Amino acid sequence: MNIGYCFTGSFCTFAKSMNALEELVKAGHNVTPIMSENAYSIDTRFGNAVDIQNKLIQITGNSIIHTIEQAEPIGPNKMFDVLAIVPCTGNTLAKLSNGITDTTVTMATKSHLRNNRPVVIGISTNDALGAAAKNIGMLLNYKHYYFVPFGMDNYQTKPKSMVCDFEQVKNTIEQAEKGEEILKKIY
C-alpha cells in the first residue's frame with residue numbers, strides 16, 4: 001500500500017509516531033512522510049528539526065513533502081491509498097473540520113480526499129475535551145475519516161488532553177484502506 005504519513009506539531013509524540021511509521025515500513029508498505037511547516041522547521045526539546053527530517057527519510061527511504069506546492073499534486077496523481085495524520089493537533093483538527101487549507105498537511109488531505117480515499121487521524125491534543133471536542137465530533141461523522149482509537153493521556157494533570165493509541169496506527173490504516181473502521185473506542 002502507498003501511504004502518506006503526516007506529522008503536525010505535537011512534538012512530544014514524534015518518537016511514538018515514528019515507531020508506528022517503522023511498523024508500517026516493516027510490513028512492506030511504501031510510506032512518504034509529510035510534515036506541516038512547523039513540524040518540519042521547529043527545533044524543540046524533543047529534537048532538532050533536521051535530525052527528525054533525516055530520521056524520517058532514513059526510515060522511509062522517501063523525501064519529505066513539506067510545502068503546499070508539493071502537497072497539491074497528491075490527489076490529481078492519486079499518490080496514496082491512505083493518508084494518515086499522526087499526530088494530529090487540535091489546530092489541524094479545527095482546520096480539517098472547517099475546510100481550511102493553509103498548511104502542507106491540510107492541502108495534502110484536501111487533495112487526497114478528492115479521490116474519496118481514506119484519511120486516518122491519530123489525535124494528540126491538550127484540548128480534546130475542550131475547544132477541540134466539537135472538531136473531533138464533526139470529523140467522526142465525515143465520510144472517509146477514520147480515527148485511531150484514542151483516550152485520555154493524563155486525566156489528573158491534563159484533564160482535557162487526549163492522545164491516540166500509537167500501537168493501533170498500523171491496524172487502523174490497514175483497515176481504513178479496506179473501508180473498515182476499527183472500534184471507535186476510548187481507552
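Figure 1. Leaving aside the neighbours within four places in sequence, Lys 95 is in contact with Ile 100, Asp 102, Thr 103 and Thr 106. The view comes from a predicted model rather than from an experiment. Lys 95 is found in helix H5, which runs over residues 90-97. With a relative accessibility of 14%, Lys 95 counts as buried, because the cut-off for that class is under 20%. One of its contacts, Thr 106, is itself listed among the buried residues of helix H6.

**Figure 2. The whole chain, shown as a setting for the close-up views.** The chain contains eight helices and seven strands. Its radius of gyration is 15 Å, close to the 16 Å that the globule rule gives for 187 residues, so the chain is as compact as a globular protein of that length. Along the principal axes, the C-alpha trace spans about 40 × 35 × 30 Å. Of the 187 residues, 49% count as buried, while the chain exposes about 8,700 Å², of which carbon and sulfur atoms supply 47%. Among contacts between residues at least 6 apart in sequence, 76% join residues at least 24 apart. The chain carries 17 positive and 17 negative side chains, and the centres of these two sets lie 5 Å apart.

Figure 3. Not counting residues up to four places away in sequence, Ser 111 touches Ala 71, Glu 72, Pro 73, Ile 74, Gly 75 and Pro 76. Ala 71, which is one of these contacts, is also the residue at which helix H4 (68-71) ends.

Figure 4. Helix H7 is formed by residues 133-141, and its buried residues are Asn 135, Ile 136 and Leu 139. Seen down the axis of H7, these buried residues fall within an arc of 100 degrees, so they line one face of the helix. As background, an α-helix has 3.6 residues a turn, so residues three or four places apart point the same way. On the other side of H7, Lys 134 and Asn 141 are exposed. The buried residues of H7 pack against helix H5 (90-97) as well as against strand E4 (119-125), strand E5 (145-147) and strand E6 (150-152).

Figure 5. Asp 81 lies in the loop between helix H4 (68-71) and strand E3 (82-88). At 28% relative accessibility, Asp 81 counts as partly exposed. Residues up to four places away in sequence set aside, Asp 81 touches Met 1, Asn 2, His 112, Arg 117, Pro 118 and Glu 177. Asp 81 and Val 120 are 39 residues apart in sequence, and their C-alpha atoms are 11 Å apart in space.

Figure 6. Most residues other than glycine have a negative phi, and most peptide bonds are trans. A cis peptide bond joins Val 86 and Pro 87, with omega at about 10 degrees, and Pro 87 is found in strand E3. Asn 116, a residue other than glycine, has a positive phi near 55 degrees. Asn 116 lies in the loop between H6 and E4 and counts as exposed, with a relative accessibility of 53%. His 144, which is not a glycine either, has a positive phi of about 80 degrees, and His 144 lies in the loop between H7 and E5.

**Figure 7. Gly 179 in the segment after helix H8.** Gly 179 lies in the segment that follows helix H8 (169-177). Gly 179 and Phe 11 are 168 residues apart in sequence and 30 Å apart in space, from C-alpha to C-alpha.

Note on methods:
Residues are numbered from 1 along each chain as its sequence is written. This is a predicted model: local features need pLDDT of at least 70, side-chain atom pairs count only at pLDDT 80 or more; totals for chains, interfaces and linings use all residues. Side-chain values use heavy atoms; hydrogens and water are left out. Helices (H or I, at least four residues) and strands (E, at least two) are DSSP runs, numbered from the N terminus. Buried means under 20% relative accessible area, exposed over 50%, partly exposed in between (1.4 Å probe, protein chains only). Contact means heavy atoms within 4.5 Å. The arc is that of the directions from the helix axis to the C-beta atoms. The radius of gyration is taken over C-alpha atoms; the globule rule is 2.2 Å times the number of residues to the power 0.38. Accessible areas come from the Shrake-Rupley method with a 1.4 Å probe; for residues, only the protein chains shown count as cover. Lys and Arg count as positive and Asp and Glu as negative; His and the chain ends are not counted. The place of a charge is taken as NZ of Lys, CZ of Arg, CG of Asp or CD of Glu.
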